[in-house]
Amino acid sequence: MERSDANCSLRDEGDMLARWLTHYSGLFGFENLSIMDNGSSDPWTLSLLKDAEARGTHIYWHLNTHHDFLRKGGHIGNIVHHWDAEYNYDFALPVDCDELLGVFTENGLSLDKQKIHTAFEELLGRHSAFRIETSLFNVPERPDWYAPIRHFHKGFLASHSLEICDDGHHEPVSRRHAGYQSTRLTYLHNHNRPFENWRARLKNKLSGLVDVDDLDALRAYGEIPRAEGAHLVASLFMSQKDYLHQYDDDVRLSVGPGCTETVVIERPGLAPRIWDNTAYLRKNPDVHGYALGALQHYLRHGFHENRDLGDEG
């Protein structure tokens with residue numbers, strides 16, 4: 001694979017940016033990263049952005065209005081078309097600042113550079129849009145534990161194929177081949193923060209669109225079809241208890257750092273255990289050949305089907 005280019009948009013997210021830069025510069029190199037800064041002002045974020053810029057990352061400083069953030073899909077499209085005209089590259093990956101790219105493997109899940117590049121190499125020469133089917137959202141107040149969000153898919157494209165990139169990067173469209181192809185790639189989505197901090201970020205995203213302290217105005221805004229940011233409104237009505245326990249009834253994973261593929265898995269009524277691909281396939285032979293891998297099968301289907309993990313006795 002020649003190279004992949006990753007693009008993100010952010011504002012005053014220095015803690016997330018530090019993780020993002022260390023992860024994606026290791027995967028692709030600083031020179032293959034682009035960042036749209038949406039008007040950051042805190043010194044930490046600005047320092048990281050300027051340092052990354054000095055190392056070759058392209059920082060788009062001028063996309064600094066709220067409208068630019070809400071319409072980031074169009075800006076990403078313009079950036080990708082610029083890449084098509086100026087560079088040789090294989091894939092364009094639009095990614096949020098709180099998402100770390102990983103891959104489901106034959107043994108579990110890994111953030112290892114070589115395993116991720118191997119997953120991309122298997123897609124070379126194909127020109128449909130590509131889909132990251134399963135994102136993993138971090139469990140509040142449980143570091144390194146994640147739960148699968150099955151309806152939250154993201155997308156990316158091969159070079160010279162972009163037709164449309166939507167503002168959430170969920171359904172990019174290829175002009176070269178209709179439809180999409182599912183992949184083994186995943187995101188560790190570090191969306192959930194301490195409760196009050198999380199609420200403050202939601203309010204910041206809705207600022208200028210609706211009075212975030214007026215509950216009636218929020219309810220009315222949330223009912224407007226296709227209103228900008230309306231999908232965030234329901235979250236502001238979530239209680240702290242519900243927020244902290246939102247994944248209690250689902251399967252959860254503890255994901256290790258770096259190159260390890262080992263995953264610890266737990267679910268209601270079952271003590272934590274190390275995921276065993278071989279045991280799951282032995283107990284569920286119909287899963288052999290599932291293109292997205294045994295662990296992703298369990299997360300997407302097997303858990304709800306009450307499948308035996310194969311080591312339960």
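Reader: What is required of local features and side-chain atom pairs here?
Author: In this predicted model, local features need pLDDT of at least 70 and side-chain atom pairs count only at pLDDT 80 or more, while totals for chains, interfaces and linings use all residues. Residues are numbered from 1 along each chain as its sequence is written, and side-chain values use heavy atoms, with hydrogens and water left out.

Reader: At what angle do H1 and H2 cross?
Author: The axes (lines fitted to C-alpha atoms over the stretch in contact, with angles from 0 to 180 degrees between N-to-C directions) of H1 (residues 14–28) and H2 (residues 43–54) cross at roughly 25° and come within 8 Å. Helices here are DSSP runs of H or I with at least four residues, and strands are runs of E with at least two, numbered from the N terminus. H1 and H2 are therefore roughly parallel, a term for angles under 35 degrees.

Reader: Which residues of H1 meet H2?
Author: Gly 14, Asp 15, Leu 17, Ala 18 and Leu 21 of H1 meet Trp 44, Thr 45, Leu 48, Leu 49 and Ala 52 of H2, where contact means heavy atoms within 4.5 Å.

Reader: Turning to rings, how many aromatic pairs are there?
Author: The structure holds 17 aromatic pairs, with ring centres of Phe, Tyr or Trp (its six-membered ring) within 6.5 Å. The Phe 91 and Phe 130 rings have centres 5.7 Å apart and planes at 75°, so this pair is edge-to-face, meaning planes over 60 degrees apart.

Reader: Are Phe 91 and Phe 130 buried or exposed?
Author: Both Phe 91 and Phe 130 are buried, that is, under 20% relative accessible area with a 1.4 Å probe and protein chains only.

Methods:
Parallel < 35°, antiparallel > 145°, perpendicular 65-115°, else oblique. Phe/Tyr/Trp six-rings, centres within 6.5 Å; stacked < 30°, edge-to-face > 60°. Buried < 20%, exposed > 50% of the residue type's maximum accessible area, 1.4 Å probe, protein only.
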